[in-house]
Amino acid sequence: MMINKYIFPLIALTSFGANSATIDITFGSFTAEWQNVVTSDGGNTTTESGTATDPMISWGGSAGYGQSGYTFESEDTFVTTFDSATEQSDVFNLGTFTHANNPVYPPSLDNAQLKLTTTVSLGGAASSPIEFVFDFNHEETPNNDTPCAYPETVQQPDVNDNGCADRVLVSSAAATQTFLIDSVQYTIAVEGFKVSGNTISSFLTKEVADNEAIITAKVMSYERAMIPPTQIPEPAPLAFLGASFLFFARKLSVHNS
């Protein structure tokens, strides 16, 4: 696997004072693209289809039900409220994710990135273009394992009825771009998958079914978005963070197959 290094510019948006209690953040229309796909044979043996707002990737040799695939349907323009006291925004819906989970012959999907391109406007200021990138980790389980790798849950009952469920994880990628509030870098951080009103960190997908979940997210600092949830410390005061990162720039790594 090749590692390329890039320096992403900070998105130059209006900075608001620490006394601002809330800031409205407006996201423009989204376009989406699957990229940096890796399949189990070490290459990228997927096919692409769909549109710029609901792209799809498909993989595997059909075992009678068609290929498996991911589809992401982007949200339209929306506004979320950022709270300077908690240093994060309200939770919002980023888009609808569907895993068409069918029995397939190898190669299967291992990893893929979803790149969302949109504009961001803070408090009514002029909008600026920005790209957010998310890592999808796919685990294709043997359908006939006993017991299955992942048991059924209260939130997802009956997922192993047609064979052992696969698992999907999603997180913010290091290559995601940021915007500034009080000189601190912020980005979109994924909360999880919302299924039947419940938000879960990993999505178990039933065989021979189209499994749909809403990906929820919120705005938080880039530094916190890169920390696993179990390791996130208590928030520091916004003014302290602003001073610490006033002239901050980071060299980011992107993993390309």
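**Labels and their grounds**

Author: To begin with the surface, the protein in this predicted model exposes about 12,100 Å², and carbon and sulfur atoms supply 51% of that area. The secondary structure comprises 2 helices and 20 strands. Of the 257 residues, 46% are buried.

Reader: Why is Lys 115 called buried?

Author: The relative accessibility of Lys 115 is 17%, and the label buried requires a value under 20%. Lys 115 therefore counts as buried. Lys 115 lies in strand 12, which spans residues 109-122. Beyond its neighbours within four places in sequence, Lys 115 is in contact with residues including Thr 31, Glu 33, Glu 131 and Phe 132.

Reader: What makes Thr 141 buried?

Author: The cut-off is again under 20%; Thr 141 has 7% relative accessibility, and therefore counts as buried. Thr 141 belongs to the loop between strand 13 (128-139) and strand 14 (166-172).

Reader: Which backbone oxygen does the side chain of Thr 141 reach at 2.9 Å, and what makes this a polar contact?

Author: That oxygen belongs to Ala 165.

Reader: Which residues have the most contacts inside the largest nonpolar core?

Author: They are Phe 27, Leu 94, Phe 97, Phe 136 and Phe 179, in a core of 42 residues. Leaving out residues up to four places away in sequence, Phe 97 touches Trp 34, Phe 136 and Ile 215, among others.

Notes
Residues numbered from 1 in each chain as written. Predicted model: local features only at pLDDT ≥ 70, side-chain atom pairs only at ≥ 80, totals over all residues. Heavy atoms only, no water. Core = buried A, V, L, I, M, F, W, Y, C linked by side-chain atoms within 4.5 Å. Buried < 20%, exposed > 50% of the residue type's maximum accessible area, 1.4 Å probe, protein only. Contact = heavy atoms within 4.5 Å. Helix = DSSP H or I, 4+ residues; strand = E, 2+ residues; numbered from the N terminus. Areas by Shrake-Rupley, 256 points an atom, 1.4 Å probe, with all protein chains shown as cover. Polar contact = N/O pair within 3.5 Å; in protein donor to acceptor, adjacent residues only side chain to side chain.
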